[in-house]
Every structure is written in structure tokens, then in C-alpha cells.
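Have the structure open as you read.

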Amino acid sequence: MEKLDTMMLADDLALSQDKILSGEQNFDAEAVYKVIDSLGVLNNPIKDYLDMTEEQYYQAESDHKLTLLNLSDKLVDLHDRILTNHVDGYVDKDEINLTYNHEDPYEDDLYNAEVDYHVLTYSLKVIGAVQAIAAKDLQEVLSKDAVLSLGLAAYSLSKNV
């Protein structure tokens with residue numbers, strides 16, 4: 001997959017936001033899954049995680065940024081998301097720093113698709129910018145939990161919009 005695919009997907013999602021959230025246009029979770037897998041951060045394809053419990057993920061791979069409280073629950077039922085919100089550092093010195101925020105698309109137990117949509121578009125934009133100039137470094141510094149969050153957001157959007 002080309003390095004610019006991540007940014008192009010983020011741009012396409014941003015341009016289609018209103019139509020997708022209103023149900024006028026279909027949300028393509030498969031395109032998101034393809035980009036996630038192309039990042040090479042997770043140990044397995046993203047779809048493998050959709051049937052996994054929080055405990056299985058916690059024990060096998062989590063970098064402990066996600067709040068995993070119900071370890072017997074499926075990851076797809078998780079309400080916490082990690083938004084990749086900022087990058088700084090020096091690419092020429094192999095010093096890339098990403099910062100993250102927690103987001104909850106289920107605040108008050110009501111699903112808010114806009115929150116997951118924001119997690120996807122904003123995170124993909126930041127990730128894509130780094131990938132375009134330092135793809136190998138990105139694999140080493142990008143949080144596995146943040147990448148998983150992209151998959152969880154895509155899954156929830158595909159089921160709810």
C-alpha cells in the first residue's frame with residue numbers, strides 16, 4: 001500500500017463525513033481495515049481482534065493506553081478509544097513523538113458516531129503525515145492501542161451508521 005493512502009483515506013472520510021453520518025453514503029470499514037493492516041503495527045490483521053476479549057488483547061499485545069475494565073468482554077464492546085492527536089520531534093534524528101487522548105463514543109451509554117468518526121479522521125491524518133515521511137519510524141512509535149482504536153471505531157461505525 002502506498003504511503004499516501006492513509007492521508008487520502010483521511011481526506012475522503014473528512015469530505016464524506018456529513019453524508020456518511022446522515023446515512024446518505026455507506027461507510028467503508030474495509031478501506032479502514034486495509035490501511036490499518038498496511039501500517040504493520042499490530043501483530044495480526046485488525047479483523048482478528050474483533051472477536052478477541054479485552055483480557056486476550058491485554059495479555060498478548062496491549063501497550064496499556066486503553067482502559068480495559070471488563071476483561072471478559074469482547075473488544076468490540078469497549079467504549080474507550082485512543083485518538084492520535086499530535087506529532088512532533090525530528091525525523092532526521094529518529095525522534096518522533098506522538099501524543100494521544102482518550103475518547104468515549106458511548107458517553108452516557110448512547111453511541112455518538114461523530115466521536116468515532118473524529119477518532120478515525122484525525123488519527124489517520126496525523127498517522128498519514130508521519131507515514132509519508134518516516135514509515136519505518138512510525139511502526140516503532142505508534143501505539144498498538146491507538147491502532148486498535150481505529151479498527152474499533154471503524155467496526156462501530158459500520159454497525160451504527
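This is a predicted model: local features need pLDDT of at least 70, side-chain atom pairs count only at pLDDT 80 or more; totals for chains, interfaces and linings use all residues.

Residues are numbered from 1 along each chain as its sequence is written, and side-chain values use heavy atoms, with hydrogens and water left out.

**Helix pairs**

Two packed helices are described by the angle between their axes and the distance between the axes. Here axes are lines fitted to C-alpha atoms, for helices over the stretch in contact, with angles running from 0 to 180 degrees between N-to-C directions. Helices (H or I, at least four residues) and strands (E, at least two) are DSSP runs, numbered from the N terminus.

| Pair | Angle | Axis distance |
|---|---|---|
| α2 (residues 29–39) and α4 (residues 113–141) | roughly 30° | within 11 Å |
| α2 and α5 (residues 144–160) | about 170° | 9 Å |

The angle with α4 makes α2 roughly parallel to α4 (angles under 35 degrees; over 145 counts as roughly antiparallel). On the α2 side, Val32, Val35, Ser38 and Leu39 meet α4 residues including Leu120, Leu124 and Ile127 (contact means heavy atoms within 4.5 Å). That contact splits into seven nonpolar, three polar and no charged residues.

Now for the other pair: α2 packs against α5 at about 170°. That makes α2 roughly antiparallel to α5. Ala29, Val32, Tyr33, Ile36 and Leu39 of α2 make the contact with α5 residues, among them Val147, Leu150 and Gly151.

**The core**

Which residues have the most contacts inside the largest nonpolar core? They are Leu13, Phe27 and Leu120, in a core of 44 residues (buried Ala, Val, Leu, Ile, Met, Phe, Trp, Tyr and Cys joined through side-chain atoms within 4.5 Å; buried means under 20% relative accessible area). Two or more residues come from each of α1 (5–22), α2, β2 (95–103), α4 and α5, and α4 gives the most, with nine. Leaving aside neighbours within four places in sequence, Leu120 touches Leu13, Phe27, Val32, Leu150, Ala153, Ala154 and Leu157.

**Over to Asn97**

Asn97 sits in strand β2 and is partly exposed, at 42% relative accessible area (between 20% and 50%). Asn97 and Phe27 are 70 residues apart in sequence and 31 Å apart in space, C-alpha to C-alpha.

Technical notes
Angles under 35 degrees count as roughly parallel, over 145 as roughly antiparallel, 65 to 115 as roughly perpendicular and the rest as oblique. Ala, Val, Leu, Ile, Met, Phe, Trp, Tyr, Cys and Pro count as nonpolar, Asp, Glu, Lys and Arg as charged, and the others, Gly among them, as polar. Buried means under 20% relative accessible area, exposed over 50%, partly exposed in between (1.4 Å probe, protein chains only).
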